[in-house]
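This report describes selected features of the structure shown below. Please keep the sequence and the structure in view while reading.

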Amino acid sequence: MRDVAVVGIGLNDRWGELWEVSLRDLVVQAALAAIKDAGVDHVDSMYVGCMSSGLFTGQEHLGALMADYLGQAPVPATRVESACASGGVAVRQGFIEVAGGLADIVLVAGVEKMTDVTGDRATYALGTAADEEWEAFNGATFPGLYAMMAVAHMARYGTTCEQMACVAVKNHENAMKNPVAQYHDRITVAGVLDSVMVADPLHILDCSPITDGAAALILTTPELAKKLKRPDVRIIGTGQASDTIALHSREDLTALDAVTRSAGAAYNMANKKPRDIDLCEVHDCFTIAEIMVTEALGLVEKGKGGPAVAAGETAPGGRIPVNVSGGLKAKGHPVGATGVAQVAEIVAQLRQSAGDRQIEKARLGLAQTMGGTGASSVVHILEAK
Amino acid sequence: MSTAGSWREYPQRYRYEAAVCDKCGKWHFPPRLVCDGCRNETFTRKAMRRTGKILTHTVIHMPPAAFKDESPYAVAIIEMDDGPRITTQVVGIAPGELKIGQRVRLEFRRVQADGEAGTILYGYKAVVV
């Protein structure tokens, strides 16, 4: 297996409600930015992570669409779907193709165009990441499922609504320094707790937003990275795992086993431990998710995710900064783009080029994204060489 | 859900039929073709006892379109006494009064009306006993 370097990163200029930008232009903007950042004149293959362009825009077959509108047809182009983990799994597919020697330069993009439909239709599209027949049919919404994880976590470990709110406050603060982020506004714990209830105990400010956005990476070999004179940032570990599609079938409703297993595989491949990691981008689709993911990744002790965020352990300058980009909560969550953008953020940090939000001396970073209520999870560990 | 989809699921949605693994005895609801406990592929259909207890719960304040008129409503994960776990609405109690560990019984109820055709879809909801 060959080593794999990330030599190009790109996001479209701003994430949010981009009524003036189409699905195809979004993904092309991000892909072009990554291609220019890498300084490559062609790609051998491409992947695009996207959860539900069919339900959001009526358009499927995004691989061919992207290749065509990038002027890169006839290269092989593949869409990857794994619900909210689509982008992360697309990164893994690109990694596999370079590592396996089938391609030398691979474009990995992610995109979601979510604001062309009403809130009801967006909610329906997102709900398809859960068990459509046995969860959604009976009235469970996506926030409702995470709310039930929160209630179970609160009952077992004493996690509080205030601690969950601290996740949102931290990630909004972080997004202030990210020009791409959907939100540039500070919020308070009291403000989160006063915001409208979505699914008890989750308020609207506990939830990540509906976002239009795209992100892209160029993956290649360390040898080509050197020729391109790009900083040598490598993906040194990748892991992926699945779990039951329905939350109710999980033995422990307070654990995210797929996250733990995907992280275990990535740590093992990278030969690193949780305490070695300098910063993380994780899947905070809801505030309780960040708390449970930090536990599942082994960054904090089981049940201590709430106290850790409240104590500032996961803030920039804390023991292990989490979601310095603003996370899904405040940077925005264009579903298929999220996993790709997380890796782009880690690469920027490891290049020491993250501007105002740079974590000093960051050498080793981790990106984690998950689909549904954690029925799939993918983890990448990156290192500056 | 399509008319054919709701029709083919009558046994599980209307009669609470689970598939009990012939090899390891694990109860599966809804029925499936492969046992996730032992990968056996033969099962015997049995109706679940309609009683269980609440493992976790929430109150939905922002409902999907099909449930607009019912909001706010309670949803819970219930562990049935035969073992399977389900996600369903809990009715007949003020939503804020749900508690982990509460005993419930499943009742046959109207769940939602399907799209413009207005096909009424039935299933189960839980009531606190």
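Chain B holds an open sheet of 3 strands in the order β2-β1-β3, with antiparallel pairing. Strands of a sheet pair through backbone hydrogen bonds, either parallel or antiparallel. Here two strands count as paired if DSSP finds at least two bridges between them; strands (E, at least two residues) and helices (H or I, at least four residues) are DSSP runs, numbered from the N terminus.

The model is predicted: local features need pLDDT of at least 70, side-chain atom pairs count only at pLDDT 80 or more, and totals for chains, interfaces and linings use all residues. Residues are numbered from 1 along each chain as its sequence is written, while chains are lettered from A and ligands numbered from 1 in the order in which they are written.

The edge strands of the sheet, each pairing on one side only, are β2 (27-28) and β3 (43-47) of chain B. Strand β1 (residues 17-21) of chain B pairs with β2(B) in the antiparallel sense over 2 bridges. Within β2(B), B:W27 is the bridge partner of B:V20.

Chain A is divided into two domains, with bounds from an automatic or database domain assignment.

| Domain of chain A | Residues |
|---|---|
| domain 1 | 4-118 + 211-227 |
| domain 2 | 158-207 + 235-384 |

The centres of these domains of chain A, taken over C-alpha atoms, are 22 Å apart. Their contact (C-beta atoms, placed from the backbone, within 7 Å) takes 35 residues from domain 1 of chain A and 32 residues from domain 2 of chain A. On the side of domain 1 that touches domain 2, α4(A) gives the largest share, 8 residues.

How values were computed:
Two residues are in contact if their C-beta atoms, placed from the backbone, lie within 7 Å.
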